[in-house]
Amino acid sequence: MTTNTRSARAGADIGGTFTDIALEVDGQLHSAKTLTQYAAPEQAVVDGLLRTLDQAGVAPDQLESLVHGTTLATNALIERRGAHTAFITTEGFRDVIEMRTESRFEQYDLNIVLPTPLIARQHRYTVGGRMSAEGQELIPLDDAALEAIIDAIEAKAYVSVAIGLMHSYRNAAHERRIRDRLQARLPHLSVSLSSEVSPQIREYERFNTVCANAFVKPLMSSYLGRLASGLEARGITCPVYLMHSGGGLMSLASAAEFPVRLLESGPAGGAIYAADIAARYGLDRVLSYDMGGTTAKICLIQDQRPQTARTFEVARTYRFKKGSGMPISIPVIEMVEIGAGGGSLAHVDDLHQIRVGPESAGSEPGPACYGRGGTAPAVTDADLILGRLDAENFAGGSFRLHRQAAEDALHRTITAPLGGDLIEAAYGIVEVVDENMANAARVHAVESGRELDQYTMIAYGGAAPLHAARICEKLGIDRLVVPPGAGVGSAIGFLRAPFGYESLRSAVMQLATFDLATVNDLLADMSREVSTFINETGYRGEVEREFKAYMRYAGQGWEIPVAVARGELDERDVADLHRGFVTAYAQIFGHAIDNLDAEVVSWSLSLRTPIAPVEPRQFGKAPPNERNIESRDMRAIFDARHGQFRDSQVIERRAMPVGNSIHGPAVIIEPETSTIVPAGFDVTRQADDCLFIERLKETAE
Amino acid sequence: MSTTLQVSQQIMWNRLISVVEEQALTLIRTAFCTSVREAGDLSAGVFDASGRMVAQAVTGTPGHVNTMAETVFHFIDQFGDTMVPGDVFVTNDPWLATGHLHDFTVVTPVFREGRRIGFFASTAHVVDIGGRGFGPDGRELYEEGLLIPPLRMFKAGVVNQDLVDILTNNVRESDQVVGDFFSLSVCNDTGRKRLLEMLDEFSLPDIEELATFIFAHSERATREKLAALPAGEYRYRMPLDGYDAPVELAVTLSCGGETLNADFTGTSAQSGFGINVPLTYTKAYACYGLKCALAPSIPNNWASLRPFTVSAPDDCILNAQRPAPVAARHVLGHLVPDLVLGALRQACPTLPPAEGASALWNLQISARPTHGTGVGREILMFNSGGSGARPTLDGLNATAFPSGVMTMPVEVTESVGPLVIWRKELRPDSGGAGRQRGGLGQTIELSAREGYALTFNAMFERVEHPARGHNGGRNGGIGVVALDDGTRLRAKGRQAIPTGRRLILHLPGGGGYGAPQDRPAASVARDVEAGYVSELEARTSYPHAF
């Protein structure tokens, strides 16, 4: 039955394997998971959406909005499936995207292979003309050379062109002139400018970013066009927004122009999902932890906002190693990704130690216990042997796990060469992978100047609830939240995303020689850019503005963000900047340095819809009420902290009482996953179906 | 839980490595010296109570792999029982620490319940140490700057202000140098705190038992690898440019049993200029080269390095004696891996690459206003030539090996100093021809901005002696140092760039591997299409492809 009074919004996330739909109707959630269709990805979105709408009894034309995120752009970069693209750059700098940082990402491997540049050398053209670091024209653009390049672009039938010139983040005149000439002669050409896509200093990152944008632009604008018409053909006429990597919404038109902003939009949705739960419970310091089949992702959420960065790396080619991928400098929700998932494979190294990942069994053949021919032991195999998974009730009982295959795999790879028993081997695998994840979180916290012990962890993704409590133990975290719907977390997160956009510009300037007029012009320009993006979405409501300066001591190489009160600066603000920087620096590094001038490297302006003020909920927790629990199955589950099996209660999530705590050891089961509650913790189901898990004060246990 | 697999020891080992990585990261984030923050020219490690290195962070410079490992012993010898909580020690003695005055090594003892249980040490390159500045022109160590013997920089938590004052008055950019000095002690303290937390978490009194576990595993694994080598003596010689006269490096590797000795007898005598290398630095790069080929996955610590030994006659350029000048010791140091890998090739032909450009072309530039009172600037750029072709892969274009440093973005360099870099681009035809082609070098052009004059310190190798190809592979292109009017400049020493002229550097390419006629025609065609190899050169070196 459909009525006209219902409020219906949908999120759609195209991932590498699945396309997830989350539909919220009057606060009630409906979801669907379908396989991603590579040939026509929009079809899975349209089909899944129609099916979910039908289940919920909502007519297509009643849908109010659709928020979409996708890994298509990321996959196109990884698989190098992009347009025939040319790159025009400054004479003398043809090889910036190929020479990279001139370093090796792995010190001790003599046979590393550097990632292939996105645009091969023969497709990179150089033109005379030069700007200085301050944006003054040192040499005018060589118009004759430019016309010859345009001849070549026409002759070689390039579909897309990237333009990246030295210091264009300070003065974009030459880049614009090249675009104007290109468009005058070749009006159908797709053109991307580094000064628009990524106006940040550091030529390698900026050039690579504009090349990536140009490379996927024809593909993505075609896809977005087909999606729009596909939706319309089936009567879905609501506005469509795209989730961008910075965690906000943008219009379809902006996404088609700047598809590089769509990279990492899926994971960004996951972080927004966690941030929403943080806001619901008034949690200011949260570590979000997502673990799936091949990787785990970690994000810090401060004051209910995911931490952001100015650059990230996609398409890593070597064991997720930093530097083995390509840098993209755009505002992004900062996530640490490591090769640790349920499918991560264990092996024994030269030191006779157990190592886990980053190699993964993937979904085919999958862990050995899937019985699809996998012979190497995966984390899931170890979880099964330790009693954390129920062989008969995996994935809602949709298929049986083969314990024998898991045991064989562990024996072959671990106990045969090293000795020991199976349980010890399984414990070793799980403990090593948990330590890897805990370590990544620890290092990330250090890099961000944070101490994790006062944090709350929010865990989602298929494998996270199995491992989260142990990681909390390792990190000294006392509180863990496992929200519902963990399997489609990103799509739900899309529904919670604000309209928002961040602009970043570089202009290196010491405070002692601060040029107020230049900075104010720059900030005004950024303000216009951001407003344009927000206006494009059609949003006309209230917005919050946030200015930041990225600063360092003159001479250093790493900048820290400092809040700026206003968008129009005067002399007093310069003094404030200095004070703000010294305070922030001392907070991170424990001491400030006398007598040294500070400098601003980049500016950031973000505009976003304010987070609606809500009265934060308290976690409800009443003493255990044994009679409320319907199922009292027991299972032996290995407790990693104490190194032994413990008889643990097995409780269905949906059968749990709301508000009454249950003491671990216990496992909370549901079709998508299982949540492990070790001894020393208790778990309480909340009214919104979140599981709240808390470490008990150390007592005689 | 039984302990056959020693899972918890493995976990603690990993944790200890993460503690020193955090120590190193703290230093990178706070350092002023470009080579530290951009290039990871630093080292950080934890040591047991007797001064044996238990774990070390993997950073950009293998040059510190081993040098620091020996340093802590010197401090124990000298200060032993007088150490108290809050003490921090420092030195930059090239023979006790890392081979030149520009590196500070700071050592912090760790106390737990009143007992000294170990040390943290860290090393970083500083912007300046006085003297002539960073370059090879000094004739004696005394010209190269201030030497700080091992002494206390903090005594029971109180800073040694006399030392700070001496430093402040003897170095250029003293705020930054003093800043780095304190960064080193801060990073050690970060390590100290994390270690104490870790010991609490695992309820351990100290790290001795864990160190024993780590040493046993590391040494066994290293010895297993070395035992697999065919016993014998393997020799290699490599001619190089030197400063004022050619230099030859020579090595004899002796394998047999479970150890490997590198002896440098036959190497040229000490130079009168600052390209001499103290043995500690020679050993570091020799170990690095050998470890890459033989034991890449075994972490660095006292035990994993122990089976590697070095020896050299006292008068040789790779075993410089006090007070020889050593400031630019990295130039020959960077070539030591090529040398030992060349010898190792005879024992295991499928592992080592051909020779590469190897020594970084570090460019230290001083900009001074031509008139008036503007501010002078010191600018440091790291640039890499091509690496040697590998047995199954082409060499890497413009990529550092053995150093792991990163170059600085041109846009950042131009925002820091009054110069324009007009070109920084691959250098076609510089990779040695072969079945696997050597990596390409690069070409750099730069000049002063108006109103400034530039001088630079040249520390460049392989201008006369190319990176040699192997197994029929051709040599890589030699380097060129010149002005844009064609004037050739010297490859070593301080020189001015005349007003209105551009400095042009052509960096050397890597050697090829295997005979050029075995290179597949498709690879040659691809190289020509991309312009890595000109058509003329391709027709000459690879006629079979046409």
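1. Helices here are DSSP runs of H or I with at least four residues, strands are runs of E with at least two, and both are numbered from the N terminus. An unreviewed UniProt entry lists residues 11–184 of chain A as "domain: Hydantoinase/oxoprolinase N-terminal". UniProt positions are given in the numbering used here, feature names are shortened, and annotations may be inferred rather than shown by experiment.

2. This is a predicted model: local features need pLDDT of at least 70, side-chain atom pairs count only at pLDDT 80 or more, and totals for chains, interfaces and linings use all residues. Residues are numbered from 1 along each chain as its sequence is written, and chains are lettered from A and ligands numbered from 1 in the order in which they are written.

3. Strand 4 (residues 65–70) of chain A is mostly covered, with five of its six residues buried. A residue is buried if 20 or more other C-beta atoms lie within 10 Å of its own, exposed if 12 or fewer, and partly exposed in between, with C-beta atoms placed from the backbone. Strand 4 of chain A pairs in the parallel sense with strand 1 (residues 8–14) of chain A over six bridges; two strands pair if DSSP finds at least two bridges between them. A:Ala12 has A:His68 in strand 4 of chain A as its bridge partner. Strand 4 of chain A is also joined by three bridges to strand 11 (residues 240–243) of chain A, and these two run parallel. There, A:Val67 has A:Tyr241 as its bridge partner.

4. Two residues of chain A other than glycine have a positive phi. For A:Asp26 the value is near 45 degrees; A:Asp26 is found in the loop between strand 2 (18–25) and strand 3 (28–35) of chain A. A:Asp26 counts as exposed because it has 10 C-beta neighbours inside 10 Å. For A:Arg202 phi is near 100 degrees, and A:Arg202 is placed in the loop between helix 6 (194–197) and helix 7 (203–233) of chain A. A:Arg202 counts as buried, because it has 23 C-beta neighbours inside 10 Å.

5. One runs from A:Gly357 to A:Pro358, with omega near 0 degrees, and A:Pro358 is found in strand 22 (residues 354–360) of chain A. Another joins B:Phe401 and B:Pro402, with omega about 5 degrees. B:Pro402 lies in the loop between strand 13 (377–381) and helix 11 of chain B.

6. The largest nonpolar core has 380 residues, of which A:Cys211, A:Ile429 and B:Val340 touch the most other members. Such a core is a set of buried Ala, Val, Leu, Ile, Met, Phe, Trp, Tyr and Cys residues joined through C-beta atoms within 7 Å. Helix 12 (residues 422–447) of chain A gives the most to this core, 14 residues. Leaving aside neighbours within four places in sequence, A:Ile429 is in contact with residues including A:Ala346, A:Ile354 and A:Val379; contact is counted when C-beta atoms, placed from the backbone, lie within 7 Å.

7. Between the chains, 64 residues of chain B are in contact with 63 residues of chain A. Helix 1 of chain B supplies the largest share of the side of chain B that touches chain A, ten residues. By class, that side has 30 nonpolar, 19 polar and 15 charged residues. Ala, Val, Leu, Ile, Met, Phe, Trp, Tyr, Cys and Pro count as nonpolar, Asp, Glu, Lys and Arg as charged, and the others, Gly among them, as polar.

8. In chain B, four strands form an open, mixed sheet in the order 8-9-10-11. Strand 8 (232–240) and strand 11 (308–311) of chain B stand at the edges with a single partner strand each, so one side of each has no neighbour in the sheet. Strand 10 (residues 259–263) and strand 11 of chain B run parallel and are joined by four bridges; B:Asp263 stands opposite B:Ser311 in strand 11 of chain B.

9. Strand 12 (residues 363–369) of chain B pairs with strand 13 of chain B in the antiparallel sense over five bridges, and B:Ser366 has B:Glu378 as its bridge partner. Strand 12 of chain B also runs antiparallel to strand 16 (residues 452–459) of chain B, joined by six bridges.

How values were computed: Contact = placed C-beta atoms within 7 Å.
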